[in-house]
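Please take a moment to look over the sequence and the model shown here. The paragraphs that follow go from the whole chain to its core and then to its strands.

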Amino acid sequence: MGARHAHREAMTGSEPEGGLNSAWFADFVRDFLERLSFNKTCHGMSGRRALPLGISTMPKSLLIPNRRVFLGAFGAALFTTRGLFAEQLLLPTPAMTEGPFYPDKLPLDRDNDLIIISDSTTPAVGEITHLTGRVLNANGTPVKDATVEIWQCDANAVYLHTRDSGPKADQQDKHFQGFGHFTTGAAGEYRFRTIKPVPYPGRPAPHIHFKVKKGGRDLLTSQFMVRGHEGNLRDGVFSGVRDLIDRELVVADFIPVKDSKIGEYRCHFDIILGRTPNEG
Ligand SMILES: [Fe+2]
């Protein structure tokens, strides 16, 4: 019996059928949270298993869940086995609404630099963000030849969609590309240069929409928010995610780039497929 195996048995007392997997880990975390006292104040739950949603009385650290909060709660000993730690973070990214503004007419320039359109010399307005991430399947294998599309409103809160940019033509930042795509290589990595998302009327939580396609199939449509943004809990889409773990899986850190003279950010967001049959 390897150290990893022994460690797991000591932790759980039994071996999950088929070995460790992310679904098992998600259940484990939920069970752990339920054993805490938070769930005494649950309200407004529907559908899924009861989770601690009494956010009005919940410790602040759980109001905007952070993966570190969960991991910290288990203690370092649980994750001393390197492979175990890595494997168990692969909780599938939840699907979320596409929203009304997937571009109705894709731009001519749809590369992965949303800051500069074609050979323009004028960049988009906004806080430049270097967005990176990987597309992985649930067991951690990089997904090659997956096309990641992103779209978001410009710094003036206008989407590249005639229903939005039509009425707001004067407001639109004509130098923001609004949409981009990138096809992953063997490492499953994607990268974009875009702006840090901003709120817009009806959506207090800034977010970047994304869609993953492969072989002509849509595998996942979702969006991610800015971790810790004050608008998140007032946002209907974000607060509609009732499961605390799912909420954790649709937020990303926007970290200031050290010594950047123009206030750039970096953001890393891994997309984990496998939640729905479509994502095969
Ligand atoms: Fe949106």
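In the protein chain, buried residues make up 30% of the 280 residues, where a residue counts as buried if 20 or more other C-beta atoms lie within 10 Å of its own, as exposed if 12 or fewer do, and as partly exposed in between, with C-beta atoms placed from the backbone. This is a predicted model, in which local features need pLDDT of at least 70 and side-chain atom pairs count only at pLDDT 80 or more, while totals for chains, interfaces and linings use all residues. Residues are numbered from 1 along each chain as its sequence is written.

The protein chain has eight helices and 10 strands; these are DSSP runs, numbered from the N terminus, with helices (H or I) of at least four residues and strands (E) of at least two. Of the contacts in the chain with a separation of 6 or more, 70% are between residues 24 or more positions apart, a contact being two residues whose C-beta atoms, placed from the backbone, lie within 7 Å.

In soluble globular proteins, nonpolar side chains tend to be buried together. Here the largest nonpolar core has 44 residues, and those with the most contacts inside it are Val135, Val148, Val212, Met225, Ile271 and Leu273; such a core is a set of buried Ala, Val, Leu, Ile, Met, Phe, Trp, Tyr and Cys residues joined through C-beta atoms within 7 Å. Among the elements that give two or more residues to this core are strand 1 (128–136), strand 2 (147–151), strand 5 (207–214) and strand 6 (217–226), and the largest share, five residues, comes from strand 6. Leaving aside residues up to four places away in sequence, Val212 touches Val135, Ala146, Val148, Leu219, Leu220, Ile271 and Leu273.

How are the strands arranged in the open sheet? Five strands form it in the order 3-2-5-6-7, with mixed pairing, where two strands pair if DSSP finds at least two bridges between them. Strand 3 and strand 7 (251–252) are the edge strands, each pairing on one side only. Strand 2, which is mostly covered, with four of its five residues buried, pairs in the antiparallel sense over five bridges with strand 3, and also in the antiparallel sense over five bridges with strand 5. Trp151 has Phe179 as its bridge partner in strand 3 and His209 as its bridge partner in strand 5. Strand 6 and strand 7, by contrast, pair in the parallel sense over two bridges, and in strand 7 the bridge partner of Val226 is Ala252.
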